[in-house]
Amino acid sequence: MKVKVISILEDNYMYLVIDEQTKEAIAVDPALPHRLLQIVKREGVSLLAILTTHHHWGHTRGNEDLLKEVPGLRVYGGDDRIKGLTDKVTNCQELKFNSINVRCLFTPCHTTGHMCYFVWEDDCSDSPAVFTGDTLFIGGCGKFLEGTAEQMLHNLTEVLGTLPKDTKVFCGHEYTKKNLKFALMVEPENEKVKEMLNWAKARDDDDKPTVPSTLLEEFEYNPFLRLSNEAVQKFTGKTDPVEVLRVLRKEKDNFKKPKDRATLHTMMAMEWGLLQS
Ligand SMILES: [Zn+2]
């Protein structure tokens, strides 16, 4: 099983999962249809299906064009708002495309119909993959746009956190550098965060993607998967996992670069009349 990582739009990823024996493929969030079809052609594969993580524009905008261009194509997803949806899937539903297996993992919170997809190949020693959309990012997690901290805690710890640790994580956006800058503020002593941030900066300089990571790695540096860690609890001032997660996400929503933060403080001080002289 080969996964092609395709950087698109400003910071999105779409993916092509290829069964190298049968030369058949499935796409994940193919938001640039013509680019995808060029790659399908170049790889000499036939496209069977689209897996859609959630209904946001940067993940679904290619679905309808691809349906027109590829006869018999199916579009899977967990939300009626997904453009071109042909097959609505439910939690733990399994799909099979010859030797490629997909388990749909319902992960509502970023959106109410968000699905992650756990993918593995029959009789193959390759690590499995999980396509996490805007639920789990490298070094971070998605915004709670349509859900609660309780739901995200369940998604991260029970649904994704219990997958095999060697599972490769393919997420919906390249947010790694910014996520790790925040992670470093949360855990300033975490060597893995420092290492990973340096690596992510180098990848960014070379214009290379930081996906995939593995779940094992995420547990080492992603604060959203380290809710019981002492430094993470200290940063949030909480110990209950739901509360730790709620505060982390809120802090991340407000997280700016230090320079911006200083400017913000100056502006706030001016507003309060502290800098009037
Ligand atoms: Zn989204």
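Colleague: To start with, is H110 buried or exposed?

Modeller: H110 is buried, because its relative accessible area is 6%, where buried means under 20% relative accessible area, exposed over 50% and partly exposed in between, with a 1.4 Å probe and protein chains only. Please keep in mind that this is a predicted model, in which local features need pLDDT of at least 70 and side-chain atom pairs count only at pLDDT 80 or more, while totals for chains, interfaces and linings use all residues. Residues are numbered from 1 along each chain as its sequence is written, and side-chain values use heavy atoms, with hydrogens and water left out.

Colleague: Which protein donors does the zinc ion have?

Modeller: The zinc ion has H54 (NE2), H56 (ND1), H110 (NE2) and D134 (OD) as its protein donors, lying 2.2 to 2.3 Å from it. Donors are N, O and S atoms within 2.8 Å of the metal (3.2 Å for Na, K and Ca), and since water is not among the atoms, sites may look incomplete.

Colleague: And why is the arrangement irregular?

Modeller: The arrangement is irregular because the four donor atoms subtend angles of 90 to 172 degrees around the zinc ion. Four donors count as tetrahedral if all angles lie between 85 and 135 degrees; four count as square planar and six as octahedral if opposite donors are over 155 degrees apart and all others between 65 and 115, and anything else is irregular.

Colleague: How are the donor residues spaced in sequence?

Modeller: Their spacing is H-x1-H-x53-H-x23-D. Helices (H or I, at least four residues) and strands (E, at least two) are DSSP runs, numbered from the N terminus. As for H56, its relative accessibility is 23%, so it counts as partly exposed.

Colleague: Changing topic, how many residues of strand β3 are buried?

Modeller: Five of the five residues in β3 (residues 24-28) are buried, so the strand is mostly covered. Both of its faces are covered, with E24, I26 and V28 buried on one side and A25 and A27 buried on the other.

Colleague: What does β3 pair with?

Modeller: Strand β2 (residues 12-19) is joined to β3 by five bridges, and the two run antiparallel, with V17 standing opposite I26. Two strands pair if DSSP finds at least two bridges between them. On the parallel side, β3 pairs with β4 over five bridges, and there A25 has L47 as its bridge partner. From β3 the chain crosses through helix α1 (residues 33-43) to β4 in a right-handed β-α-β crossover, right-handed meaning that, with the strands pointing away from the viewer, the path from the first strand over the helix to the second runs clockwise.

Colleague: What sits between β2 and β3?

Modeller: The two strands form a hairpin with four residues between them, and K23 in the turn has a positive phi of about 60 degrees.

Colleague: Where else is there a positive phi?

Modeller: Most residues other than glycine have a negative phi, and most peptide bonds are trans. D29 is not a glycine, yet it has a positive phi of about 45 degrees; it is placed in the loop between β3 and α1 and counts as buried at 2% relative accessibility. D207 also has a positive phi, near 60 degrees, and is found in the loop between α6 and β14, where it is exposed, with a relative accessible area of 71%.

Colleague: Which peptide bond is cis?

Modeller: The bond from V211 to P212 is cis, with omega near -5 degrees, and P212 lies in the loop between α6 (191-205) and β14 (213-214).

Colleague: Last one, what is the overall picture of the protein?

Modeller: The secondary structure comes to ten helices and 14 strands, and the C-alpha trace spans about 70 × 35 × 35 Å along its principal axes. Of the 277 residues, 51% count as buried.
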